[in-house]
Amino acid sequence: MSVRRIVSHIAENTGLRSPLLRLCSSEFRCNHRLVKSLSREITEAGFEKICRRREQYIEATRKYLELDRYLEEVVREARALGLLDSSGLRVLDMGCGAGYFLYTLRKYGHDILGLDIDNYIFYNEIVELLKIPRITHQIEKFKPLPDLGEPFDLITAFSICFDCHGTEHVWGVSEWEYFIDDCLGHLRPDGRLFFCFNPASTHVFDFVPDEVEEMLRKIPGAHLSHNKEKFLLDYAKHAIV
Ligand SMILES: C[S@@+](CC[C@H](N)C(=O)[O-])C[C@H]1O[C@@H](n2cnc3c(N)ncnc32)[C@H](O)[C@@H]1O
């Protein structure tokens, strides 16, 4: 039996049809090739030296040493946002961490800027290694973002921590309304905001308060995913309403 027929047989008889079809899709293969090439470049830039110092890094950042795994996520998100089929967009990533997302976008000709606190040695070292332009700033409730220069086509935040999730200070409706409004002031008229809430250890996003969920779902031109992980706001559609 040929490999193709064996795979097809397994797919049909084990309920693995969708995952196997995804693995065989051209998008998956394209993403995989891109991950391998980014990973090779980052390794050649000196990633191994940083890995050797892994004991210095706190547990929360050490997982980002699994380069290919994180690049896969980054490439998937970048493609879903149409950033691998475009170039020349000005993009701000808040809480940019190691900067893998921005590194990928720069390869596609986007104009990138990261914003983060500088408390974590690992993030600082990788950002420096990858030469990611980064503004050091701590996002706090009811405090405006700093001067960020020209407005952006896209403002992102992945695995958000600045909302103090999992604590008694978790952001409520007013904090989020203030923050989103502030972000909109840094967007071009046809720009987009894209936020991913932190999956924490449970991946159920139950720390997004119900009132916040309700408010986010009502924002014109915005969409919050069913599981509350992803929030996308299209400024042009927002402004029409
Ligand atoms: C879970 S990590 C996610 C890193 C990156 N966005 C990613 O998805 O790989 C959270 C990031 O938010 C940053 N961060 C936490 N609190 C922050 C704050 N108040 N203001 C700005 N950045 C913050 C951390 O330094 C870290 O880079």
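Helices here are DSSP runs of H or I with at least four residues, strands are DSSP runs of E with at least two, and both are numbered from the N terminus. Residue numbers start from 1 along each chain as its sequence is written. The model is predicted, with local features needing pLDDT of at least 70, side-chain atom pairs counting only at pLDDT 80 or more, and totals for chains, interfaces and linings using all residues.

**Exercise 1: a loop residue**

Find where lysine 131 sits, and decide whether lysine 131 is buried or exposed.

Step 1. Go to the loop between helix 7 and strand 3 (134-136), and there you'll find lysine 131.

Step 2. Check the backbone: phi of lysine 131 is near 55 degrees, a positive value in a residue other than glycine. That's worth a second look, since most residues other than glycine have a negative phi.

Step 3. Count neighbours. A residue is buried with 20 or more other C-beta atoms within 10 Å of its own, exposed with 12 or fewer, and partly exposed in between, the C-beta atoms being placed from the backbone. Lysine 131 has 11 other C-beta atoms within 10 Å, so put it down as exposed.

**Exercise 2: another positive phi**

Now do the placing and counting for phenylalanine 205.

Step 1. Phenylalanine 205 falls in the loop between strand 5 (187-197) and helix 9 (210-218).

Step 2. Its phi is near 55 degrees, again positive in a residue other than glycine.

Step 3. With 19 other C-beta atoms within 10 Å, phenylalanine 205 comes out as partly exposed.

**Exercise 3: helix 3 on its own**

Step 1. Trace helix 3, residues 26-52.

Step 2. List the buried positions: Leu34, Val35, Leu38, Ile42 and Ile50.

Step 3. Look at what lies over them. The cover includes helix 5 (67-80), helix 6 (100-107) and helix 7.

**Exercise 4: helix 3 against helix 5**

Describe how helix 3 and helix 5 cross, and which residues meet.

Step 1. Two packed helices are described by the angle between their axes and the distance between the axes. Axes are lines fitted to C-alpha atoms, for helices over the stretch in contact, and angles run from 0 to 180 degrees between N-to-C directions. For helix 3 and helix 5, the axes come within 9 Å and cross at roughly 130 degrees.

Step 2. That makes the pair oblique (under 35 degrees is roughly parallel, over 145 roughly antiparallel, 65 to 115 roughly perpendicular, and the rest oblique).

Step 3. On helix 3 the contacts (C-beta atoms, placed from the backbone, within 7 Å) come from Asn31, Leu34, Val35, Leu38, Ser39, Ile42 and Phe47, and they meet Leu67, Asp68, Leu71, Glu72, Val75, Arg76 and Arg79 of helix 5.

Step 4. Sort by class: 8 nonpolar, 2 polar and 4 charged residues (Ala, Val, Leu, Ile, Met, Phe, Trp, Tyr, Cys and Pro are nonpolar, Asp, Glu, Lys and Arg are charged, and the others, Gly among them, are polar).

**Exercise 5: helix 3 against helix 7**

How do helix 3 and helix 7 pack?

Step 1. Helix 3 and helix 7 (residues 121-129) pack at about 160 degrees, their axes 10 Å apart. They are therefore roughly antiparallel, and helix 3 passes helix 7 in a right-handed crossing.

Step 2. Helix 3 brings Ala45, Gly46, Phe47 and Ile50 to the contact, while helix 7 brings Glu125, Ile126 and Leu129. By class, that's 5 nonpolar, 1 polar and 1 charged residues.

Step 3. Zoom in on isoleucine 50. It is buried, with 21 other C-beta atoms within 10 Å. Skip its neighbours within four places in sequence, and isoleucine 50 contacts Glu125, Ile126 and Leu129. Isoleucine 50 and leucine 129 are 79 residues apart in sequence, yet 9.2 Å apart in space, C-alpha to C-alpha.

Step 4. Finish with phenylalanine 47, which counts as partly exposed with 19 C-beta neighbours inside 10 Å. Not counting residues up to four places away in sequence, phenylalanine 47 touches Ile42, Leu67 and Leu129.

Conventions. A crossing is left-handed if the near helix is turned anticlockwise from the far one by less than a right angle, and right-handed if clockwise. Two residues are in contact if their C-beta atoms, placed from the backbone, lie within 7 Å.
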